[in-house]
Structure formats: structure tokens, C-alpha cells
Amino acid sequence: MTSPAQAIEDHPSGEVNYSFTMSFTHPKPIKIYSSFENIKNIEITKQNQEDLFDCTWNLKIETGPLRSEDQLKEIASKIIEEVFDLLTIKLNTSINNIKLKNHSLEPIPGKGATMTASMPVPRLVASGRSGPAPITHLQLNYLNKPEEISAENSSIISQFSHAINRKDETVKFLLLYKLLWQISSPSEVQKEVDAKIKEIRPYEKMIPTTLVTNGKSKIKEETIYTKLRNEMNHYREHSAPQETIKNISNILHEFQKITHEIIINKINDSN
């Protein structure tokens, strides 16, 4: 417990500011729920409301009393990945071009001024300019929804964030499929992955595929997503890599939506 003498030497508050890009727009600051200790406020604000195609946002993290600049940096390093992972899963969007703009400490009463610094953040992914979508009321409520996330679900969210921030579409697809594989039972994994897909997309067609093992033919039914995954990971007669990569590009957007829905359902079921 902090003694009165030590509390006097605490800076009353601290603040860290980041910039990043994502393809959304909203006219007002948006508060993000956080269960982190000593965090007073987290909010994001679109930087330029007048430019529809400018996807740059600001993230502000405000803390309670702090002893030093190092403590502020330590708190920021612990919270920042989780904040961006939560934005990614709750908005189903990639977060790019993350940069630390500055950080500051409110002066100790009667002592020195605030300290500031600017530096890049390692997580940096290039993105293009496209018209952003408005954030819905449902998404706004979700961003500030108090909820406890288990360590298992936190890992899944982090992996989803890692996957959809990949630039290579084939890598993104395989990482998303691997994530569905991970949250399925060990036995009959592909059947369970397809069952999860069919649960939220009942109209999804099952494609008959002929497999040859030890000279014997067997017909197996699978979704297009499992079919493409197997074409990338195993030899399949009559399948060309160029055609598989093209087909992955065609279905990737829908597959990301499906994976996102399955993960959200899993998180909600465990809460």
C-alpha cells in the first residue's frame, strides 16, 4: 500500500497517444471498455472527419497516478496489443500503421513539467485508401461492453487479429482455417470445421471430392473452404496451385466473416 509520503511524489495521471488506420468512420470519440488496473479512460477518435477516405484514427489511454515515465511505458506496453486485438475482433477489421505519437505525465504539484516522446511501434502494416464504413450502434455498444475474457479466448482473439492483418491472402486464409481447426475437437476435425460453417451458413454447398488412397477411390464431401485448404496442404489430382490461390482470393472476404462469427459465438457461449 502506498504511503502518504510516497503518494505526494506520484504524478496525478498519465496519458499515451497512438495513431492507427482502420476502414471505419464515426463523428464522435468512442470509449473502449477496459478492466486494466489504473486505467481511467480509453477512447478512439477519427483524426480527419472531413476527409472520407482518410482512415487515420487516434487512440488515447489515460491512467491514474504514476510514479515515473517508465511505469507509464510499462502499462502502455501491456495494454496496447490487447486494445488493438479487441478492436480487431469487435469490428472485424484489420488495424494498420500503428504509431506511438507521444506520452506524458501530469506534473507533480509544485514540480517539473510533463514529459513527452514520439517513436514508431513495431507492428506496422501498409494499407490502401478506400471508403470507410460507419460504425453501427451495435458495434459501439460492443466496444464499451464490460466483459471478462478468458485466457483461452484472449489467445484466440490475438490469433484472429494476427491472421487478418496479414497482407498475403493465402497466408491469411490458412491462418484463419488453422484457427477454426484449433477450436474444433481433435477427432474428425475437418468434419467439425465444416459443421461449424454450415451452422451459421446453412445454404453453404458441400462439394463432392474424389480421393484415391492405396489405389482405392473414396468420395468425400467438404465445403469450398476445406477443399481449398486441402488443395494447399495436400496433393489433389486435377488441382493447380494458381487456380487454388485465385479461388482463395475470391472467397476470402466471406471466409473471414464466417470465422469471425464462429469465434464471437464461442466467446459468447463461454461468458
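The structure holds 11 salt bridges, a salt bridge being a side-chain nitrogen of Lys or Arg within 4 Å of a carboxyl oxygen of Asp or Glu. The model is predicted, so local features need pLDDT of at least 70 and side-chain atom pairs count only at pLDDT 80 or more, while totals for chains, interfaces and linings use all residues. Residues are numbered from 1 along each chain as its sequence is written, and side-chain values use heavy atoms, with hydrogens and water left out.

## Salt bridges

Side chains of opposite charge can pair when their charged atoms come close. Three of these pairs, among them two within helix 2, are listed below.

| Pair | Closest N to O distance | Relative accessible area |
|---|---|---|
| Lys-31 and Glu-43 | 3.8 Å | Lys-31 46%, Glu-43 14% |
| Glu-74 and Lys-78 | 3.3 Å | Glu-74 41%, Lys-78 55% |

Helices (H or I, at least four residues) and strands (E, at least two) are DSSP runs, numbered from the N terminus.

Lys-31 is partly exposed, whereas Glu-43 is buried. Lys-73 and Glu-69 both belong to helix 2, where they stand 4 residues apart, about one turn of the helix. Glu-74 counts as partly exposed and Lys-78 as exposed. Through shared partners, salt bridges join Lys-31, Glu-43, Lys-60 and Glu-62 into one network.

## Nonpolar cores

In soluble globular proteins, nonpolar side chains tend to be buried together. A nonpolar core is here a set of buried Ala, Val, Leu, Ile, Met, Phe, Trp, Tyr and Cys residues joined through side-chain atoms within 4.5 Å. The largest such core has 30 residues, and Tyr-18, Phe-20, Met-22, Ile-44, Leu-59 and Leu-87 touch the most other members. At least two residues each come from strand 1 (14-21), strand 4 (39-46), strand 5 (56-63), helix 2, strand 6 (96-105) and helix 3 (137-143). Helix 2 gives the most, with 9 residues.

Leaving aside residues up to four places away in sequence, Leu-59 touches Val-16, Asn-17, Tyr-18, Phe-20, Ile-42, Glu-43, Ile-44, Ile-80, Val-83 and Phe-84, contact meaning heavy atoms within 4.5 Å. A second, separate core of 29 residues includes Ile-157, Phe-160, Tyr-177 and Ile-197.

## Packing of helix 2 against helix 4

Helix 2 (residues 69-91) and helix 4 (residues 151-164) pack at an angle of about 75°, with their axes 9 Å apart. The two helices are therefore roughly perpendicular to each other. The contact is made by Asp-85, Leu-86, Thr-88 and Ile-89 of helix 2 and by Ile-157, Ser-158, Phe-160, Ser-161 and Ile-164 of helix 4. These residues divide into 5 nonpolar, 3 polar and 1 charged.

## The loop between strand 4 and strand 5

Asp-54 is found in the loop between strand 4 and strand 5 and, at 14% relative accessibility, counts as buried. Asp-54 and Thr-25 are 29 residues apart in sequence and 9.0 Å apart in space, C-alpha to C-alpha.

Definitions and conventions. Axes are lines fitted to C-alpha atoms, for helices over the stretch in contact, and angles run from 0 to 180 degrees between N-to-C directions. Angles under 35 degrees count as roughly parallel, over 145 as roughly antiparallel, 65 to 115 as roughly perpendicular and the rest as oblique. Ala, Val, Leu, Ile, Met, Phe, Trp, Tyr, Cys and Pro count as nonpolar, Asp, Glu, Lys and Arg as charged, and the others, Gly among them, as polar. Buried means under 20% relative accessible area, exposed over 50%, partly exposed in between (1.4 Å probe, protein chains only).
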